[in-house]
Amino acid sequence: MTKYIQITIQEIDHTSPHLETVIALGDANKKTLGFFTEGAFRESARDRVILIALNPQKNCIGYLLYRPVRRSNIIVMVHLCVDPAYRGRGVTKQLVNSLSQKTQNFYGIQLKCRRDYGIDRMWETLGFIPLNDRPGRSKEGKLLTVWWLEHNHPTIFSYAANQKLESKLCAVIDTSVFFELHEDEELKTTESDSLLADWLQDDLELCITDEIFKSINKIDCASLRDSKRWLANSFTQLVHNKTRIEGILNTLNQVFAKQASTRDVSLINQLAITIASDAQVFVTRNIEVLNLADEIYKKFTLEVISPTNLILKFDDIRTNVEYQPVRLAGTSIKLKLIQRFEQSRLIDSFNASEKGEIEGEFQQRLRHIIANPDKFQCYVFLENENTPLALIVFDRQQTYELKVTIMRVRPGAIAATLARYLVFYSISLSADEKRQFTRIIDPYLEETVLQAIQEDAFVRVDNGYLKANLAVAQTSTELSKYLTELGKMGSEYNFCIQLAETLTISESTQDIKTISEIERHLWPAKVINADLPTFIIPIQPRWAKDLFDKELANQYLLESQTDLALRRELVYYKRNNGSLKPGVIGRILWYVSSDTAFTGTQEVKACSKLDEVIIDKPEKLYRQFRHLGVYKLKNLMTIANNKPDEDIMALRFSYTEIFNKPLTLKRIREIRENQTTVQSLFKISKEQFAIIYNEGTAT
């Protein structure tokens with residue numbers, strides 16, 4: 001049993017008598033620590049970035065040297081060294097804990113360590129997570145693992161993860177299920193594959209814990225490690241309360257000690273993180289853990305379940321998938337401004353009596369709204385001219401903010417689709433009118449509307465929900481300054497300050513995932529100096545009319561109401577010519593190709609957020625995405641040259657913005673300074689995107 005020693009942690013400066021011991025320790029261990037000059041040690045001491053461990057006799061027995069990186073707000077650990085006579089006695093842990101407590105205002109602590117040192121287990125025990133590998137600078141170029149200790153500061157990404165926990169059923173998958181999900185499907189099909197069923201995707205969010213990265217780090221093959229890390233980063237990673245972990249682990253260990261013959265430490269850690277994150281479901285195929293499901297539920301109200309049984313619990317959801325934009329394609333839904341004589345039928349359709357709203361008060365409220373058209377606009381969505389489906393009221397009295405005072409959707413098969421459209425329509429309208437914010441203040445919101453609000457990154461405030469929607473295309477520095485000024489408007493606008501701070505970190509503009517998430521939170525804002533891939537993609541008018549182009553749809557004999565049906569989230573298919581890799585995110589500029597049956601073609605007409613690229617067989621892609629578009633299986637087979645085993649490409653996109661001034665092919669050629677032919681997709685530079693987007697959105 002390890003005998004821990006009582007030590008004292010102390011910060012030293014260049015006058016400390018212990019500095020010579022620190023230098024001697026560093027010199028004695030330079031083979032593993034790396035070369036560090038005496039002058040560098042003394043300079044670090046002057047900067048007060050050396051912590052030392054003192055034994056009861058006040059002798060220095062170890063030290064930790066670190067470097068604060070202000071631009072990215074992280075701590076980099078440079079040296080961690082303990083006298084050989086005191087190793088394995090808790091000195092390292094106390095040094096790291098002291099540094100963590102001392103630097104809580106930073107996002108976390110990062111370090112690099114050679115893989116061949118064989119001390120990964122030590123870093124894991126200290127709470128570090130292996131993020132990636134990098135070649136070292138030594139002559140041998142030995143591989144280094146980058147480790148990270150999170151300080152759990154709330155960020156826009158942790159906020160997004162919490163929103164998913166509120167709007168979907170979040171199921172945490174254990175390590176074995178994660179690895180099964182990405183086995184070669186042609187070689188075998190596993191029970192876990194059922195979790196990827198297309199009908200589950202709108203209601204089920206698969207999540208992972210940090211333990212996944214520890215398991216991946218144990219893979220010997222570097223290329224396989226990289227691919228698994230890439231896959232893991234595509235899952236929602238849970239944000240959890242670290243202060244709760246120790247107590248949860250103690251209880252879990254007692255449960256396993258009484259009833260399980262073996263104890264998988266990693267699996268227990270995953271359970272503890274799941275519980276601390278307040279997720280609802282833990283998915284595993286481990287028989288012993290499944291046998292403890294009832295006991296775990298009693299202790300923590302966490303559902304422990306196998307992949308198959310999770311599917312069975314979703315039977316009702318399978319028959320009533322809420323979000324199905326395809327149902328609206330080709331319908332006769334109309335948007336109509338309400339007149340005074342029409343208010344009576346709205347009361348019967350939209351009074352939220354089940355939420356406690358009094359009919360008389362709702363009637364009086366509507367009467368006031370309709371009687372003041374200079375302040376309010378009241379719209380109803382009608383099917384077949386006379387069946388009310390949704391009601392929305394806008395208050396335009398503030399120049400910087402569009403208020404939505406009423407947002408109601410009648411129950412029905414397309415209720416969730418309409419709810420998502422209403423939210424998106426409100427944001428779009430606010431941005432089009434050059435307002436900076438959208439605020440929803442209806443106190444009687446239905447669950448479907450609340451879910452839509454959460455998906456669109458609204459912030460909960462005292463009287464409702466608030467979101468920034470900035471119709472700007474700026475550099476990260478310009479946008480950060482703009483957000484900082486907006487954040488000064490009051491405490492409920494503080495989220496703007498948080499986004500502004502993220503944009504000041506240089507690494508943020510280089511990280512594709514970060515910038516894509518920032519643009520989603522601020523849509524339609526664009527960060528024009530960011531390294532976010534942008535592609536011009538040709539699309540035939542017959543598909544453009546159904547996916548985003550109302551002008552083309554109005555030329556078609558069978559008019560499609562695609563503005564309602566398909567502006568939130570869609571999918572477009574192309575031949576797989578290797579031009580895009582699976583998982584790519586970025587932006588799309590849509591070029592509508594020539595067709596003599598339509599006018600308004602051969603132009604770049606819209607910009608969308610590229611959410612994901614998926615490459616697979618036509619039938620599988622159709623099953624996965626048939627609820628998101630107008631394509632039939634025969635259309636996908638045509639793309640695949642009628643070869644069922646031929647891979648094709650699915651582009652999942654959302655947040656489509658129609659250009660006020662489409663750009664002609666001639667203008668695109670001028671911008672690119674070449675004779676561009678838009679016959680297949682191609683990537684453009686961020687400078688070219690800035691020109692195209694600014695011209696397209698000009699008013």
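Predicted model: local features only at pLDDT ≥ 70, side-chain atom pairs only at ≥ 80, totals over all residues.

Biologist: OK. How many residues of strand 19 are buried?

Modeller: 5 of the 5 residues are buried, so strand 19 is largely enclosed by the rest of the structure. By "strand" I mean a DSSP run of E with at least two residues, while a helix is a run of H or I with at least four, each numbered from the N terminus.

Biologist: And which sheet order does it belong to?

Modeller: The order is 13-14-15-16-17-19-18, an open sheet of 7 strands with mixed pairing. Two strands pair if DSSP finds at least two bridges between them. Strand 13 (334-337) and strand 18 (459-461) are at the edges with a single partner strand each, so one side of each has no neighbour in the sheet.

Biologist: What holds paired strands together, in general?

Modeller: Backbone hydrogen bonds, in either a parallel or an antiparallel arrangement.

Biologist: So how do strands 17 and 19 run?

Modeller: Antiparallel, with 4 bridges joining strand 17 (residues 437-440) to strand 19 (residues 464-468). Ile440 has Tyr465 as its bridge partner in strand 19, and Arg439 stands opposite Leu466.

Biologist: What about strand 18 and strand 19?

Modeller: They pair in the antiparallel sense too, over 3 bridges, and a hairpin of 2 residues joins them. Val459 has Leu466 of strand 19 as its bridge partner.

Biologist: What lies over the face of Tyr465?

Modeller: Arg460, at 4.6 Å from the ring centre. For a charge to count as over a ring, NZ of Lys or CZ of Arg must be within 6 Å of the ring centre and within 35 degrees of the ring normal. Elsewhere, the charged end of Arg587 sits over the ring of Phe689, 4.2 Å from its centre.

Biologist: Switching to rings: how many aromatic pairs are there in the whole structure?

Modeller: The search finds 18. Rings of Phe, Tyr and Trp (its six-membered ring) pair if their centres lie within 6.5 Å; planes under 30 degrees apart are stacked, over 60 edge-to-face, and the rest tilted. One of the pairs is Phe41 and Tyr63, with centres 6.0 Å apart and planes at 75°, so it is edge-to-face. Phe41 is in helix 3 (residues 38-46) and Tyr63 in strand 3 (residues 60-69), 22 residues apart.

Biologist: Are those two buried or exposed?

Modeller: Phe41 is buried, at a relative accessible area of 1%, and Tyr63 is buried at 0%.

Biologist: Which rings form a cluster?

Modeller: Tyr379, Phe381, Phe394, Tyr421 and Tyr425, linked by ring pairs. Phe394 and Tyr425 are both buried.

Biologist: Last one, helix 13: which residues are buried there?

Modeller: In helix 13 (residues 293-300), Ala293, Ile296 and Phe300 are buried. They cover an arc of only 65° around the axis, which puts them on the same side of the helix; the arc is that of the directions from the helix axis to the C-beta atoms. Asp294 and Lys298, on the other side, are exposed.

Conventions:
Residues numbered from 1 in each chain as written. Heavy atoms only, no water. Buried < 20%, exposed > 50% of the residue type's maximum accessible area, 1.4 Å probe, protein only.
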